[in-house]
Amino acid sequence: MTGIQNKIVILNTCEWNLLKTFHLPDNIIGVKQLSLVPSPLDGGANNTLVCISSNCSLYIFDLNQACIIHTLQPIKPVKKIVVSITGRYIAIVELEGHLKLMLVEKLFMEKCEPVKKLNEPCRPVAHGIPDHLQCVRQLMKQELHLQRLIPILKEFEEYPEKYRALIWSTILELPGNRSAYCALANKVINVRVTSDLLKDYPLANRSKKIMLMTTMNCLIQWCPLLSQCSFLPHLVFPFLMVFQKDPLLGFELIISILLNYCQKWFEYYPLPPLNVLGIIENILLQADPALLNVFCERGITSSEYAWPLLKTVMSEVLCGPEWLILWDHLISYKNPLLLLTSVVAYSICSREIIISSLHSAERFKRYYSSQGHITAKELLKVAQRLDKETPLRSHPSHYLRNELIPLPTKGPYLPFLLNDFPKFLTDEVSVLELEKLKETERSVREHNHKTMKVAEEKRLKHEAKAFMNQIHQERLNEVERCIKEQLSDVDWRLGRATTHKPEMQHVHDIPEVNIDDSSDEDILDSRNDKSKHYKQLQQNVDKLEYEVHSLLNSIRSQKSRVECT
């Protein structure tokens with residue numbers, strides 16, 4: 001056994017007594033693994049010891065002679081060793097992942113170096129980190145080639161989620177050009193442009209939103225005209241979720257998708273790609289002319305049944321796992337035109353639903369922008385059949401490139417995409433003029449918004465003033481009516497008292513004074529009742545006025561909140 005004192009202690013486990021102490025050289029700091037190498041001719045003495053130090057260097061000691069046994073061939077940094085029972089073989093697992101099986105008799109040299117020379121530094125073979133990474137990349141390319149991946153994909157229909165990003169980046173030969181990526185990411189972010197692009201694609205998760213904004217900013221720095229493409233977030237975000245642990249490779253994947261799978265999408269910008277949609281219509285005409293006739297009869301164009309699938313790379317109509325399966329196949333076959341036949345295949349697979357249920361443009365729009373129940377397996381089956389059976393004059397390969405363009409491994413990312421845009425937009429002057437026009441449009445929009453806000457405030461003030469005047473006039477009319485009623489009632493009572501006074505003078509049992517007093521009391525009671533009624537009416541009017549003020553205040557506050565929103 002070994003401990004922190006940098007020495008090996010050998011014990012007899014039968015009697016637990018100390019047999020030997022072996023001091024390690026000073027350059028060996030810490031021991032990760034010890035293993036004895038039995039020899040058939042040493043009578044069970046087990047004098048050979050294999051040791052792995054903390055820096056993954058392999059040392060072989062002769063315990064009997066207290067010396068280091070040198071190996072006939074250099075050994076790279078080692079992770080683990082296993083010695084066979086007879087001691088004839090040693091299995092070595094290197095840090096690079098290689099497994100080596102060696103014969104002991106061909107590994108050791110006969111000469112030993114005494115322990116007194118062990119103080120000299122024993123340096124391992126130089127192996128830098130860049131060399132190690134380059135070696136790993138080369139090994140990955142050798143192991144993850146399509147001849148091995150395609151059978152796996154056919155057998156299991158998808159790649160393991162844990163290794164999907166690694167497999168995609170290896171197939172597409174993404175260079176991992178960190179210097180070029182940092183040069184784009186470190187440029188000043190135009191927050192207004194990025195926010196305008198993401199206003200129709202809100203995200204609740206803050207980290208995902210920041211990652212999407214960073215990637216969108218890099219894409220705009222790489223190709224400024226992409227800032228006008230409102231569909232870009234819908235295309236970018238699903239791929240970012242696959243590479244969310246490595247934004248660099250995610251950005252390079254999106255560039256590769258735009259260059260290879262989105263060919264000729266921007267020739268008619270800002271209109272949809274009419275040329276690509278025409279190719280899709282030709283494929284559908286060859287495959288299912290009756291379905292195309294249904295689209296024509298109901299006034300549905302390819303901009304409504306094909307473009308929504310293209311611009312979202314079919315992420316909205318397929319659930320997450322099915323979308324990943326689809327793109328496992330699209331990337332592995334290295335056939336960018338298979339995306340177009342997949343779009344046609346989706347309509348063919350939905351044939352019964354389209355004919356029986358979709359009779360209006362609104363229903364078509366809803367169906368082609370919401371998740372359906374078509375699996376990637378049946379979609380790919382139809383797409384591959386279309387790819388094989390479509391005649392050459394209607395096949396996408398007659399018009400578009402059928403091979404992938406790899407990204408450069410060194411230097412900046414070349415702006416290949418600018419060649420796809422209309423020439424008048426790619427002109428530097430036109431780009432500046434377009435930015436000026438957009439800025440003018442923003443200022444006009446803000447001015448119109450402020451003007452409408454001021455006009456609305458004036459309208460509300462005028463309506464409130466007119467309403468208050470109306471309430472005030474109604475109050476005055478009500479008060480006037482009440483006073484008139486009170487005066488007429490008093491006049492009526494006075495007239496009645498005057499009419500009955502001579503008749504009451506013939507009654508000698510009741511004094512005249514008592515009659516007059518009672519009449520006066522009735523008049524006073526009547527006046528008190530009218531006064532109370534007037535006060536009650538006044539209170540009701542005040543209450544109504546208060547409620548009207550409250551209603552107006554609530555209307556103003558709601559209006560201000562709506563304008564702020």
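A residue is called buried when its relative accessible area is under 20%, exposed when this is over 50%, and partly exposed in between, with a 1.4 Å probe and protein chains only. Helices (H or I, at least four residues) and strands (E, at least two) are DSSP runs numbered from the N terminus.

The structure is a predicted model, in which local features need pLDDT of at least 70 and side-chain atom pairs count only at pLDDT 80 or more, whereas totals for chains, interfaces and linings use all residues. Residues are numbered from 1 along each chain as its sequence is written, and side-chain values use heavy atoms, with hydrogens and water left out.

**The chain as a whole**

The chain holds 21 helices and ten strands, and 36% of its 565 residues count as buried. Where contact means heavy atoms within 4.5 Å, 68% of the contacts between residues at least 6 apart in sequence join residues at least 24 apart.

Strand 5, which spans residues 58–62, is mostly covered, as five of its five residues are buried.

| Pair | Sense | Bridges |
|---|---|---|
| Strand 4 (residues 48–53) and strand 5 | antiparallel | five bridges |
| Strand 5 and strand 6 (residues 67–71) | antiparallel | two bridges |

**Nonpolar cores**

A nonpolar core is a set of buried Ala, Val, Leu, Ile, Met, Phe, Trp, Tyr and Cys residues joined through side-chain atoms within 4.5 Å. The largest such core has 102 residues, of which L219, W222, L226 and W327 touch the most other members. Helix 9 (residues 247–260) gives the most to this core, with nine residues. Leaving aside neighbours within four places in sequence, W327 is in contact with W168, F239, I257, Y261, V313 and L339. Apart from this core lies another, of 16 residues, and among them are I60, I75, I92 and L107.

Notes
Pairing = 2+ DSSP bridges.
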